[in-house]
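Here are my notes for your first look at this protein. Keep the viewer open and check each point as you read.

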Amino acid sequence: MRLPQRARTWLWLAVSLVNVQLVDFKAIAAAPPATSKGSALSTYEQETLTAALEARGAELEPSPEGKWVEGVDVEALEVFEPRDPAPGWLNVFHSRSRDAIVEQELLCGTGKRYSAKFADESARNLRLRRQLSLVLVVPIRSKHPGRVRVLVITKDVWSMRLNSDYRLKNGVMEYLLLQPSEENLLGMHVRLSGQYIYDPFLNILGVSAAWPRLGGSRISALASASIITRRETGQVEGSAGGFTFGQPLYASTAKWAWGSGVVWDIRTQRRAALAPGGGFMVRRFDLPSTPEKDQLPYEYLSRQVDWQTAVTRSFGSHRKFDITLGAELALRRYHAYSLREQGYSAAQVAEFEQVALERSDARMGPFVQIESYTNRFTTLHDVETLGLTEDIRLGPVAVLKVYSGARAAQSTRDLIGITASASHTSALGTGYFRAWGQQSVELTPEHKDTDGIVQGGVRVVTPQIYGMRLVYDGGAINHYENYRNIRFSLGGDTRLRGYPSQQFVGRNLVVSNLELRTRPLKLLNVLFGLVGFYDVGSAYDDRSDLHPKQSLGIGARATAPQLQRVVGRLDVAFPISRPDPLLGERWGGVDIIMTLNGQAFPFPALRSSATATPLLAPTE
């Protein structure tokens, strides 16, 4: 197998970074306890803590470390408190989290020695529960010398609800999700929901259920299924769903984790474009081999199936070293059958599939993954959320995954895949700096079947100065060996606001986003903030196609702790670059985007998938 020189260089650098973190096993075993450092509580959280202490006549314990925990007090706040802008009788229609469900997540419960490390870790675990918005775990004085009590303050989000998400662009509905659900069945954090998704061409109806701890065990499970129909005809065009279960690494002291799951998505994909008279139409594609405008509709059948079963052994407490062994299946099938039915020739369809679509591929085989990281965190506010504590892991993270595929196991290619990733995060007062890089390569006996991609980026969140902070996030993707013809898109409500969704497509990507965010203000117990932004990006095939587009805009952010942790946002974006009519480009002078799915660009977390990128949200 022959690896290109550039790939060998990047791979050597990435593996070297991994080795720097993983070689000292004795240091891992002897590492000191993890500690958490961060900013003080937000104003909203401090008000909540003060009120809870006054109501109980309690005081914080100034020196709790190592004392016996004589008991746990759970202060589960109602969704609508007297300070909230809603009548208290609405709480009758909400299932509040049971005290026992909250208490079972504590790693420093009754009868154990109090540890600030385990108290912080317990709070982080509880903040991962979508049923809770605010979580505080603090030690309070006991009446008995040498002992301490633990006070856990939580605030539920509304459980019986119509979850929703939407994207409005210039008054036109681009995406809508409606999810009637009971988020907290009987106060057990069990979630049952239905689902309706609208996009310009499809209706999706589905159901799902999630159990975070089956029967009180550490085993979690999630099941979902959806039917996909075409909006114009009502014809069924596919389905999607999955089932996963397993036991995670629920604590820094947990030694074993395991899991298994399968997900599938079968549908007809259509790329949307703005219609001249408003609304959306199927984007058209011109074949590069013909001088005339072929105008093939960008429409194809997509079949995707993923399965994985794995077990993890975890070593260490503060400096972690995890080894995962497993097997996985990744199936991708893309065909433009519908174009033949519309009268296009076999040659036209074949060229469309070769040039415009991702190449069909199947891989099944074993894998091994090693990961090194530290259990050191900083706590911040007003970055991804507003007024609620956010936990950011500090220090280095390194991941190395080796996997295989063989034709004898029904894979498309005989291959060895290697994904090496590394990142480092440092605290900057009430902000942070993160740099990351990832190299992925799939080596085959025939060099023409090799796939390789390198990517990296930085994120800088400055401390708050005069009630404002800067957030910068940027990076690049270079798909130097693109056997699978994977392409990335820009435009829409995230990385390049102001332009139509998926307007720019290419095998490589460059993005840069800068936002100036204000500290949130509280109005009727809802938190509001303002933002100004400058977006730059380009999706391109070759350097000659590298023509970055720019946009400017202003926006608003809001979080209602009674309803959810993530922010809703309203952005008004102004594209600076002019459209090229010869390329079929068309966009307006202003773009208005409204959505409830959080901040505009994703937090850059490393992923072990060879084709995943921390630069783009999964929806992109």
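1. Which residues does Glu121 touch, not counting those up to four places away in sequence? They are Leu107, Tyr250, Ala251 and Ser252. Bear in mind that this is a predicted model.

2. Now place Glu121. The residue sits in helix 5, which runs over residues 116-127. Glu121 is buried, yet it has no salt bridge. Its nearest side chain of opposite charge belongs to Arg124, 4.7 Å away.

3. Turn to helix 7, residues 346-356. Its buried residues include Val349, Glu351, Phe352 and Ala356. These lie on the same side of helix 7, because they cover an arc of only 165 degrees around the axis. An α-helix has 3.6 residues a turn, so residues three or four places apart point the same way.

4. Look at both faces of helix 7. The face turned away from the buried side carries exposed Ala346, Ala347 and Gln354. Cover for the buried residues includes helix 6 (337-341) and strand 16 (299-315). Strand 14 (284-285) and strand 15 (296-297) are also part of that cover.

5. Step back to the whole chain. It has 7 helices and 33 strands. Buried residues make up 51% of its 620 residues. Among contacts with a separation of 6 or more, 63% join residues 24 or more positions apart.

6. Last, overall size. The C-alpha trace spans about 85 × 55 × 45 Å along its principal axes.

How values were computed:
Residues are numbered from 1 along each chain as its sequence is written. This is a predicted model: local features need pLDDT of at least 70, side-chain atom pairs count only at pLDDT 80 or more; totals for chains, interfaces and linings use all residues. Side-chain values use heavy atoms; hydrogens and water are left out. Helices (H or I, at least four residues) and strands (E, at least two) are DSSP runs, numbered from the N terminus. Buried means under 20% relative accessible area, exposed over 50%, partly exposed in between (1.4 Å probe, protein chains only). Lys and Arg count as positive and Asp and Glu as negative; His and the chain ends are not counted. A salt bridge is a side-chain nitrogen of Lys or Arg within 4 Å of a carboxyl oxygen of Asp or Glu. Contact means heavy atoms within 4.5 Å. The arc is that of the directions from the helix axis to the C-beta atoms.
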